[in-house]
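I opened this notebook to keep track of what I looked up, entry by entry.

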Amino acid sequence: MKPILDIQQVSKLFQLYHKGLPYLSFRDRITGMFKKRDEVEEFWALKDISFTVEPGESIGIIGRNGAGKSTLLKILSKITPPTTGRIVSRGRIASLLEVGTGFHQELTGRENIYMNGSILGMRKWEIDKKFDEIVDFSGTDKFLDMALKHYSSGMQLRLAFAVAAHLEPEILVLDEVLAVGDVAFQRKCFQKMEDISSGGRTIILVSHNMTQVKQLCKKGVLLDQGKLQFVGNMHDAISGYLNNSVRNNNIDVSSLGRMGTKSPDFTIQTMRVLNVKEDLQVLEGDKLSLEIEYEVFAPINELVVGFSLTDFYGNNVVECRSTASYKKFEGAVGRYRARVDVFPGVSSGTYNLNVGARSDVSHLEFIPSVASLDILPAVSELEEWNKSSAGILSVKSDWDIKKI
Amino acid sequence: MQAQQKENIISSDRSVILNLSELWSYRELFYFFTWRDVKVKYKQTTLGVIWVVLQPILTVIIFSFFFGRALNVEKTSPGLPYPVFVFSGLLLWNFFSSSVNSAGNSMLTNAPIIKKIYFPRIIIPVTALLVSGVDFIVAFVAYVGVLIYYNVHIDFMALLIFWPISIMFLLLGTLGISCWLAALNVKYRDFRYVIPFGLQIALFVSPVIYPASIISERWVNYVLALNPMYAAINFFRVPLTGANSIDIVLMLISSVSSTLFVLLGIYYFKRTEAFFADIA
């Protein structure tokens with residue numbers, strides 16, 4: 001059988017305009033005629049990507065930010081054309097790069113179901129047929145004839161996802177959209193995705209959530225800076241990803257983007273994760289030990305250093321500051337190494353590790369996404385469906401069950 | 001072994017020819033976009049669709065008050081009251097101007113959708129025409145009412161010939177200019193300011209409030225005929241004015257220019273549409 005998707009040497013070139021915005025004005029055009037064209041930088045978002053997808057196969061595309069994942073999805077969805085190369089598809093592609101595309105705040109829930117469904121490529125009779133199912137799935141039946149602007153954001157997301165979940169294309173392209181709503185709804189969505197996948201349809205998923213990709217996809221594609229690093233078994237793709245996201249436990253933070261006042265008096269130099277299993281993987285419930293090295297160039301009043309873990313949706317889940325052990329400490333000139341041991345107590349998933357420091361008057365430095373930390377489900381001998389806990393926190397609980 | 005699906009190829013070469021069978025398969029989207037825009041347009045307005053009638057009627061009253069006597073239309077077309085004269089121009093003009101205005105900005109207002117999902121992009125500017133078309137039909141009913149009120153003598157034979165021709169010019173010209181401006185506005189944001197200004201100028205070079213015949217120099221008329229609205233409005237009035245001579249050269253110039261507008265407009269749109277998502 002021929003592959004359902006055949007991606008042949010696809011490349012995408014972007015031109016970066018260093019001055020101003022990517023679109024032009026006539027003035028720029030006219031003045032541009034007299035200037036050297038040195039302001040345009042060429043950037044290959046994708047370079048020579050080739051792989052095939054068999055019918056019924058689910059593949060996960062992973063990689064760091066800027067690896068070209070979203071560009072690849074946009075090309076697959078026909079939103080933007082490849083610069084060179086081509087893709088042969090043998091089935092209807094529906095893409096879901098965002099939930100609620102085309103939702104309009106002034107329209108009612110009912111009207112938005114039709115609008116959104118139609119934009120996603122459903123025919124009117126298809127929507128008619130599935131209408132009750134969609135409403136049922138979203139749980140918004142009481143508000144159906146109310147304008148969308150009166151919905152809570154959670155309700156809007158549920159409605160949007162409910163429509164999307166009832167698409168029935170041969171190939172479904174998804175961009176991290178599983179991450180909507182509350183935990184219960186997320187599980188429902190995830191279940192739906194698993195049904196679609198086991199129903200013989202092809203899913204292409206981009207996600208930062210390794211636990212999720214691992215559960216849904218057998219095959220993985222690893223991208224790094226626009227190039228194809230690996231295609232094959234999902235497990236190998238993930239370990240490839242983790243290897244290349246942090247090559248050793250010493251994370252060099254000098255090249256990372258910083259926020260805050262960027263004071264010349266202070267800088268964070270390196271960060272180490274001490275007790276990781278294999279490359280920034282920690283078991284759920286385990287201790288996490290971090291070392292932060294920083295240098296103070298001029299005395300700082302009431303220096304506080306700390307780190308935080310943000311989850312997939314950007315929520316600050318854990319934040320630890322040195323004030324936990326030192327009420328106050330003078331930031332005299334010198335180099336320091338701070339070590340912290342912590343039981344993060346969060347359930348399995350992928351988290352971003354951020355570090356920062358502040359004085360009594362200002363945010364000295366904040367480095368977001370220093371690394372992504374994978375917290376693995378602890379009870380690995382359990383069945384697949386039972387592995388991940390649905391809660392945000394992972395708490396120790398003792399059970400005692402007797403027959404009465 | 002299941003039957004092999006039709007192969008679709010995604011590549012860098014883009015056709016500038018409209019893919020009509022693809023557009024046909026997306027026909028419902030035309031409907032839904034139009035339906036959305038019409039609904040949203042009149043939500044939370046007390047008078048709702050009455051605005052569609054009220055706007056041209058008020059304009060007609062104001063124009064009649066200020067220009068009616070000065071222009072003395074009666075001289076060129078006896079028996080045609082100025083309000084009817086100006087309404088027959090405004091009816092078409094409003095369709096053109098509201099289409100061009102909303103189509104011109106349509107790619108930008110729909111940018112969030114364009115960046116996230118594929119569909120033939122031309123649906124968006126065409127939807128602007130369809131929405132204006134709904135208004136046109138409502139205003140047309142009011143127009144017929146005005147015709148009856150003034151008891152205007154209409155040449156029905158001329159009507160059967162000239163109204164369809166007029167509407168065809170109107171649609172071709174509007175479609176061409178709308179697509180062209182919609183595409184230009186994505187690339188050059190200057191057009192956000194150019195469009196309203198241009199429409200204002202265009203109102204005065206189109207024979208909306210004055211009859212084309214007040215310009216006596218022939219060549220000026222020929223230049224003005226390059227404006228597709230010139231022909232559309234002129235032909236629309238023929239059954240009312242009872243003009244018995246049609247300038248063949250004028251007609252030819254307008255036909256060629258509307259055809260060129262629609263071909264160039266769609267050509268430019270198709271040529272640039274692939275990159276809308278990158279720069280919108």
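**Salt bridges**

I looked up Arg36(B) and noted that, at 6% relative accessibility, Arg36(B) counts as buried; I keep in mind that this is a predicted model. The side chain of Arg36(B) meets that of Asp37(B) in a salt bridge, with 3.0 Å from N to O, and Asp37(B) counts as partly exposed because its relative accessibility is 26%.

I then turned to chain A, where Glu291(A) forms a salt bridge with Arg337(A), their closest N and O atoms being 3.8 Å apart. Glu291(A) lies in strand 13 and Arg337(A) in strand 16, so the pair ties together parts that are 46 residues apart in sequence. I found Glu291(A) to count as buried at 12% relative accessibility, whereas Arg337(A), at 55%, counts as exposed.

**Strand 3 of chain A**

I checked how far strand 3 (residues 58–62) is covered, and five of its five residues are buried. On one side I listed Ser58(A), Gly60(A) and Ile62(A), and on the other Ile59(A) and Ile61(A). Strand 3 pairs in the parallel sense with strand 7 over four bridges, and there Ile59(A) has Ile204(A) as its bridge partner. Four bridges also join strand 3 to strand 8, which runs parallel to it, with Val221(A) as the bridge partner of Ile61(A).

**Helix 4 and the surface**

Which residues gather in a patch of negative charge on the surface? I noted Asp132(A), Glu133(A), Asp136(A) and Asp141(A). Asp136(A) lies in helix 4 (residues 124–138) of chain A and counts as exposed, at 61% relative accessibility.

Note on methods. Residues are numbered from 1 along each chain as its sequence is written. Chains are lettered from A and ligands numbered from 1 in the order in which they are written. This is a predicted model: local features need pLDDT of at least 70, side-chain atom pairs count only at pLDDT 80 or more; totals for chains, interfaces and linings use all residues. Side-chain values use heavy atoms; hydrogens and water are left out. Patches are made of residues with over 30% relative accessible area and no salt bridge: like charges are joined within 9 Å, nonpolar side chains (Val, Leu, Ile, Met, Phe, Trp, Tyr) within 5 Å. Accessible areas come from the Shrake-Rupley method with a 1.4 Å probe; for residues, only the protein chains shown count as cover. A salt bridge is a side-chain nitrogen of Lys or Arg within 4 Å of a carboxyl oxygen of Asp or Glu. Lys and Arg count as positive and Asp and Glu as negative; His and the chain ends are not counted. The place of a charge is taken as NZ of Lys, CZ of Arg, CG of Asp or CD of Glu. Helices (H or I, at least four residues) and strands (E, at least two) are DSSP runs, numbered from the N terminus. Buried means under 20% relative accessible area, exposed over 50%, partly exposed in between (1.4 Å probe, protein chains only). Two strands pair if DSSP finds at least two bridges between them.
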